[in-house]
Amino acid sequence: MTEVVGVRDDQRIQRDVLAELAWDARLQPNEIGVTVDQGVVTLTGFVDGAARGWAATRCAQRVRGVRAVADEMEVRLPGTPGRTDAEVANAATRALEWDSFVPAERLDVTVANGWLMLRGEVEFGWQRRAAEGEVRRLDGVRGITNLIEVRPAAPPAGERLRRDVQRALLRTLGGERVTVEVDGDTLVLAGVVRSWWERDQVERVAWSAPGVRVVHDQLLVGG
């Protein structure tokens, strides 16, 4: 789990998270409860889809001093008749097919009671993330289980891979706060980043590297 360096007052963090939720036009913040304990934010309440739950979690992660976010929100779809599971599955399949960077023909989508499950294989980790991002925004989705496996076409290049990822991070972050180690087909990330946004950028770079099947994130987020 990614932790945070530095401590901010829990009440200040709570106020800032509530303000960030109110600032995001995608959300109705009066429906979301926020508690904070030693920098760990817990979100409760009800949202009308997985997309808004994800958006609320991202809001909390943007606040300085947040160590981790526990999503305890419940998805309740609107009371009026919505999409059936078959309609959600068809919409998800079309969304994947429209993304030219996602190998939709190698993926399988199933939906049960609004919960969407992705299975299949991709060559790169960023394709796995992209597939989930495409279906997360769909109406009628209560939640997502991503079981897509990353199976690179060739093994990683060891020390060369480490240097290439380190250079890519230097271009992205403009510093050397993150270290990279290669263990077979696994990348291990360590060091300190200034925000959850930077953490996401580091993971994006790591998952874009050829031959990588697993990324272990040991990063600290600076408060």
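The following legends describe close-up views of a predicted model.

At least two lining residues come from each of H2, helix H4 (125-136), strand S8 (143-146), helix H6 (196-208) and strand S12 (214-222). Among these elements, H4 gives the most to the lining, with 8 residues.

Helix H2 covers residues 50-62, a run of 13 residues. From its first C-alpha to its last the helix reaches 19 Å, close to the 18 Å expected at 1.5 Å a residue. Buried positions in H2 are Ala50, Gly53, Ala55, Ala56, Thr57, Cys59, Ala60 and Gln61. H2 also supplies at least two residues of the lining of the largest pocket.

**View C. The second largest pocket and helix H5.**
The second largest pocket holds about 180 Å³ of space. Its lining consists of 14 residues, with Leu161, Asp164, Val165, Ala209 and Pro210 nearest the centre. Helix H5 (residues 159-173) provides the largest share of this lining, 6 residues. By class, 10 of the lining residues are nonpolar, 3 are charged and 1 is polar.

**View D. Leu161 in helix H5.**
Leu161 is located in helix H5 and is one of the residues nearest the centre of the second largest pocket. Leu161 counts as buried because its relative accessible area, 6%, falls under the 20% limit. Beyond its neighbours within four places in sequence, Leu161 is in contact with Pro156, Val182, Leu187, Ala209, Pro210 and Val212. Of these partners, Ala209 and Pro210 are also listed among the residues nearest the centre of the second largest pocket. The C-alpha atoms of Leu161 and Val66, 95 residues apart along the chain, are separated by 32 Å.

**View E. Thr172 in helix H5.**
Thr172 also belongs to helix H5. Thr172 is classed as partly exposed because its relative accessible area of 30% lies between the 20% and 50% limits. Residues up to four places away in sequence aside, Thr172 touches Gln201, Arg204 and Val205. The C-alpha atom of Thr172 is separated by 8.9 Å from that of Glu198, 26 residues apart along the chain.

**View F. The largest nonpolar core around Leu96.**
The largest nonpolar core contains 59 residues. Val17, Val41, Leu96, Leu116 and Leu187 have the most contacts inside this core. With neighbours within four places in sequence left aside, Leu96 is in contact with Val102, Ala104, Leu107, Val109, Leu118, Ala131, Glu134 and Val135. In soluble globular proteins, nonpolar side chains tend to be buried together.

**View G. Two loop residues with positive phi.**
Gln38 is found in the loop between strand S2 (32-37) and strand S3 (40-47), and its phi is near 55°, a positive value in a residue other than glycine. Gln38 is exposed because its relative accessible area, 60%, is over the 50% limit. Asn113 occupies the loop between strand S6 (107-112) and strand S7 (115-122). The phi of Asn113 is likewise positive, near 55°, and the residue is exposed, with a relative accessible area of 65%.

Methods:
Residues are numbered from 1 along each chain as its sequence is written. This is a predicted model: local features need pLDDT of at least 70, side-chain atom pairs count only at pLDDT 80 or more; totals for chains, interfaces and linings use all residues. Side-chain values use heavy atoms; hydrogens and water are left out. Helices (H or I, at least four residues) and strands (E, at least two) are DSSP runs, numbered from the N terminus. The expected span of a helix is 1.5 Å times one less than its number of residues. Buried means under 20% relative accessible area, exposed over 50%, partly exposed in between (1.4 Å probe, protein chains only). On a 1 Å grid over the protein atoms alone, a cavity is a set of points where a 1.4 Å probe fits but cannot get out, and a pocket is an open set with protein on both sides within 12 Å along at least five of seven lines; lining residues have an atom within 4 Å of a point. Grid points are joined across faces, edges and corners, and a volume is the space filled by probe spheres set on the points. Ala, Val, Leu, Ile, Met, Phe, Trp, Tyr, Cys and Pro count as nonpolar, Asp, Glu, Lys and Arg as charged, and the others, Gly among them, as polar. A nonpolar core is a set of buried Ala, Val, Leu, Ile, Met, Phe, Trp, Tyr and Cys residues joined through side-chain atoms within 4.5 Å. Contact means heavy atoms within 4.5 Å.
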